[in-house]
Amino acid sequence: GKFPWWKVPHYLGAQYLGAFAASCVTFLVYWDALVWYEHNRGVYRSTPDTASIFATYPAHHLSWAGGVADQVLGTALLLICVCAITDSRNMNVSKQLVPLYVGFTVLGIGICFGFNCGYAINPARDLAPRLFTALAGWGPEVFTSYFHWWVVPVFATHIGAIAGAWMYYLCIEMNWPKDTECESEDQFSKSSPAGANGAYVQYPNGRPQEKEEEETKKIGRAHV
């Protein structure tokens with residue numbers, strides 16, 4: 001109940017379109033390098049050699065089961081950290097710093113778990129670029145290679161995301177005392193220019209003119 005269902009298509013569309021657009025930009029920026037590599041190696045749109053620039057592919061040692069476990073674990077860790085970062089009763093991170101914290105989380109997961117298959121940990125990050133490579137000359141092999149590997153970074157990440165969010169909710173979020181919830185909301189409403197309901201308040205601490213009038217009245221009373 002935290003996120004309205006009518007917003008889900010907008011977020012899905014934005015993520016997939018963003019990943020597809022980023023693939024187009026990467027393709028254009030590294031066009032010269034791609035052409036040089038293909039002429040030097042005598043290949044054209046090879047999979048996974050140059051296709052792995054855009055989408056994820058497993059290492060030679062990795063099995064299907066190992067890839068599924070890798071993606072479920074990595075995505076679950078991502079969602080646990082994201083839930084902790086955005087939970088006002090936990091880390092209480094300001095909205096301006098949330099993208100930075102999430103970025104460091106993705107970087108840490110990539111450093112720790114990126115060796116096996118490139119840590120997709122987001123279906124949009126893998127499927128949209130894979131679609132782009134299929135249209136840009138790599139063909140259907142990007143979907144059929146490694147025994148249809150594309151299924152793993154799409155479906156396993158969904159499972160990991162749901163598992164991670166539920167783990168955080170069951171183990172941490174639902175166990176917060178009610179006093180903590182009230183205190184966090186009060187602190188947020190006092191420290192933020194937005195109210196507790198998220199509406200912007202121009203003067204959260206009162207208008208400057210009102211403060212001046214109060215100070216003038218206090219001085220007048222002191223003289224009397």
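Two residues are in contact here when heavy atoms of each lie within 4.5 Å. The model toured below is a predicted one.

**The whole chain.** Begin with the protein chain coloured by secondary structure. Of the 224 residues, 29% count as buried. Among contacts between residues at least 6 apart in sequence, 71% join residues at least 24 apart.

**The largest nonpolar core.** Select Phe27, Ala51, Phe54, Tyr57, Phe132, Trp138 and Val142. These residues have the most contacts inside the largest nonpolar core, which has 13 residues. Now highlight helix H5 (123–138) and helix H6 (141–148), each of which supplies at least two residues of this core. H5 provides the largest share, with four residues.

**Valine 142.** Centre the view on Val142, one of the residues with the most contacts inside that core. Which residues does Valine 142 touch, leaving aside those up to four places away in sequence? They are Thr47, Ala51, Tyr57, Arg130, Thr133 and Ala134. Ala51 and Tyr57 were already selected in the previous step, as residues with the most contacts inside the core.

**A second core.** Finally, select Leu62, Cys117, Val152 and Ala156. These belong to a second, separate core of five residues. In soluble globular proteins, nonpolar side chains tend to be buried together.

Terms used: Residues are numbered from 1 along each chain as its sequence is written. This is a predicted model: local features need pLDDT of at least 70, side-chain atom pairs count only at pLDDT 80 or more; totals for chains, interfaces and linings use all residues. Side-chain values use heavy atoms; hydrogens and water are left out. Buried means under 20% relative accessible area, exposed over 50%, partly exposed in between (1.4 Å probe, protein chains only). A nonpolar core is a set of buried Ala, Val, Leu, Ile, Met, Phe, Trp, Tyr and Cys residues joined through side-chain atoms within 4.5 Å.
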